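The sequence and the structure are shown first.

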Amino acid sequence: MESKAIIAENLTKFYGRARGIDGLDLKVAPGDFFGFIGPNGAGKSTTIRTLLGLISPTSGKAQVLGLDIEKNSREILRRVGYLPSGSSFYNGMRVRDILKLSADLRRKNCDASAAELCERLQLDRSRKVEDLSFGNRKKVGIVCALQHDPELLILDEPTGGLDPLMQHEFFSILQEKNQKGTTVFLSSHILSEIQRYCTRAAVIREGKIIACDSVDRLAKTGARRVTLRGNLQQDFLPGIRDWTEADGIVSFLYNGETNKLVRALAGMDIHELTITEPDLEEIVLHFYEKGGEQA
Amino acid sequence: MTLIRHELKQSWKALLIWTLSIGAFIIICLFMYPEMKSQMNSISSIFSSMGAFSSAFGLDTLDFGSLKGFYGIECGNILGIGGALFAALIGIGALANEEKNGTAEFLLTHPLSRSGIVTAKLVSVLIQVLILNVSVWLMAVGSIAAIGEPVPWKEVTLLHTAYFLLQVELACICFGISAFLWKGGIGIGLGLAIALYFINIIANLTSKADVLKYITPFGYADGSEIFNKGALDACKLLVGLVFTLAGTALAYWKYNQKDIR
């Protein structure tokens with residue numbers, strides 16, 4: 001296998017009969033800011049937990065930072081920072097004790113970077129973790145994942161519970177790390193944040209990767225979002241889907257030659273018209289609905 | 001070392017409460033002994049002639065009127081049950097509680113090997129059992145001296161050693177079971193400790209069930225037998241050692257391939 005931050009080949013995990021992931025192929029290059037998109041239950045967490053050695057794959061193989069996930073899990077964990085989707089810590093411990101424990105378990109002194117991260121995320125280190133809100137516990141997880149300055153960050157639904165200002169600060173930190181060479185791999189079902197921050201993305205559906213490309217190319221499918229005020233029928237042209245009609249405003253996705261669309265519209269009674277590129281969200285929703293046919 | 005220290009920090013309060021509770025019960029009972037001794041001559045013969053009840057608790061072979069006899073029976077029930085419950089609880093929780101409390105994902109995504117985690121947890125369980133037993137032994141010996149009785153060093157130490165080994169065995173068996181659980185298993189731990197205690201009582205009741213004494217660790221921690229022989233039963237200890245090692249090996253084997261929830 002060539003040098004990749006993450007590479008999975010035909011990676012499969014079944015929990016008994018239940019599908020976790022099924023023949024998953026994934027490549028993340030060093031330095032990528034990579035988004036991993038999928039609805040709940042698609043296999044995002046299963047993929048991440050398999051890569052980190054928390055669960056062992058049923059079949060297939062994978063490497064993280066060039067290391068085999070089954071043979072070198074400990075070395076992988078040494079060089080990776082991981083943020084779990086849920087944030088549970090030991091009751092009775094203060095934030096600073098948790099951060100210290102995490103650093104000690106890595107045999108590193110991270111006091112300086114922990115202090116800086118807590119400052120930027122406005123996290124009070126003297127509080128007990130069980131008294132913290134979900135968002136603040138999430139921040140503890142973020143500092144644990146980042147404070148030892150890992151080569152690869154694996155973040156499972158990182159923004160849950162964070163307010164918009166904190167999300168913005170969090171992504172600023174990630175972008176700074178990324179510019180210094182850290183590979184970022186984050187899973188999310190919020191497409192806008194992936195479109196805004198990630199350079200590459202993969203879409204997972206029912207345990208399989210159904211699309212993997214740069215975010216720009218994923219968003220550029222040739223399809224156009226057409227919104228107009230006027231009177232027309234859905235079947236006036238082939239290649240139309242996602243048809244909605246409300247208060248005389250018609251909106252649909254058109255996939256075909258623009259010329260044909262303009263000619264067809266020219267003969268109709270149209271008052272307003274906008275034609276835009278659809279956003280990633282619309283495209284990905286289409287992936288989910290159509291079972292992965294190219295949009 | 002970091003993990004062992006963390007484990008002990010997490011559990012020192014529970015350890016303190018168990019140690020003080022068991023120690024306090026033993027101290028209270030010992031301080032009642034001088035009062036009881038004066039009335040004991042008549043009671044002792046009654047205690048020893050209650051048939052099955054007497055043999056169940058070893059009253060037929062131990063003289064309740066002497067300090068040794070009194071201590072063997074009284075200590076047997078307090079440290080025996082209390083210590084067994086404590087050992088079972090910390091054994092069964094050691095590995096399973098991480099997943100029950102959702103902290104497994106935190107701990108296991110640090111660069112530690114699974115075997116390293118099992119070792120650290122096992123060591124911290126054994127340290128706790130050791131601390132409890134040494135403390136209780138000191139409190140017991142101190143109390144005997146305080147009520148002005150000569151301390152039967154050999155007997156008391158043998159008995160406490162047997163209870164220590166009993167707790168180590170039970171903790172290791174529960175530790176092995178713990179590797180299979182992900183919801184915590186307080187019921188399983190306590191149930192096992194109590195069941196083993198009652199198996200010993202059944203074995204005391206009838207000689208036909210003597211083989212049961214080899215299965216339960218309470219079999220080698222029987223005050224009357226230890227005091228009469230002046231030694232622990234090597235054969236029963238050996239069976240106990242097999243159970244101890246089996247529980248430990250099971251924990252390493254299972255935890256190394258476990259899917260963490």
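## Contacts and overall fold of chain A

In this predicted model, 70% of the contacts in chain A with a separation of 6 or more are made by residues 24 or more positions apart. Of the 295 residues in chain A, 41% are buried.

The chain contains 10 helices and 14 strands. The C-alpha trace of chain A spans about 75 × 40 × 35 Å along its principal axes.

Strand E9 of chain A, residues 200-205, is mostly covered, with six of its six residues buried. In a regular strand, side chains alternate between the two faces of the sheet. In E9(A) both faces are covered: Arg200(A), Ala202(A) and Ile204(A) are buried on one side, and Ala201(A), Val203(A) and Arg205(A) are buried on the other.

Two pairings of E9(A) can be described. Strand E3 of chain A, residues 33-37, pairs with E9(A) in the parallel sense over four bridges, and Gly35(A) stands opposite Ala201(A). Strand E10 of chain A, residues 208-214, pairs with E9(A) in the antiparallel sense over six bridges; here Ile204(A) stands opposite Ile209(A). E9(A) and E10(A) form a hairpin with two residues between them. In the turn, Glu206(A) has a positive phi of about 45 degrees.

## The side of chain A that touches chain B

Contact between the two chains involves 18 residues of chain A and 18 residues of chain B. On the chain A side, the elements that give two or more residues are helix H2 (73-79) and helix H3 (95-105). H3(A) provides the largest share, four residues.

By residue class, the side of chain A that touches chain B comprises 10 nonpolar, four polar and four charged residues.

## The largest nonpolar core

The largest nonpolar core has 136 residues, among which Val143(A), Ile154(A), Phe185(A) and Ala171(B) touch the most other members. Helix H3 of chain B, residues 67-100, supplies the largest share of this core, 17 residues.

Which residues are in contact with Phe185(A), leaving aside its neighbours within four places in sequence? They are Ile6(A), Val28(A), Phe34(A), Phe36(A), Leu152(A), Leu153(A) and Ile154(A).

How values were computed
Residues are numbered from 1 along each chain as its sequence is written. Chains are lettered from A and ligands numbered from 1 in the order in which they are written. This is a predicted model: local features need pLDDT of at least 70, side-chain atom pairs count only at pLDDT 80 or more; totals for chains, interfaces and linings use all residues. A residue is buried if 20 or more other C-beta atoms lie within 10 Å of its own, exposed if 12 or fewer, and partly exposed in between; C-beta atoms are placed from the backbone. Two residues are in contact if their C-beta atoms, placed from the backbone, lie within 7 Å. Ala, Val, Leu, Ile, Met, Phe, Trp, Tyr, Cys and Pro count as nonpolar, Asp, Glu, Lys and Arg as charged, and the others, Gly among them, as polar. Two strands pair if DSSP finds at least two bridges between them. A nonpolar core is a set of buried Ala, Val, Leu, Ile, Met, Phe, Trp, Tyr and Cys residues joined through C-beta atoms within 7 Å.
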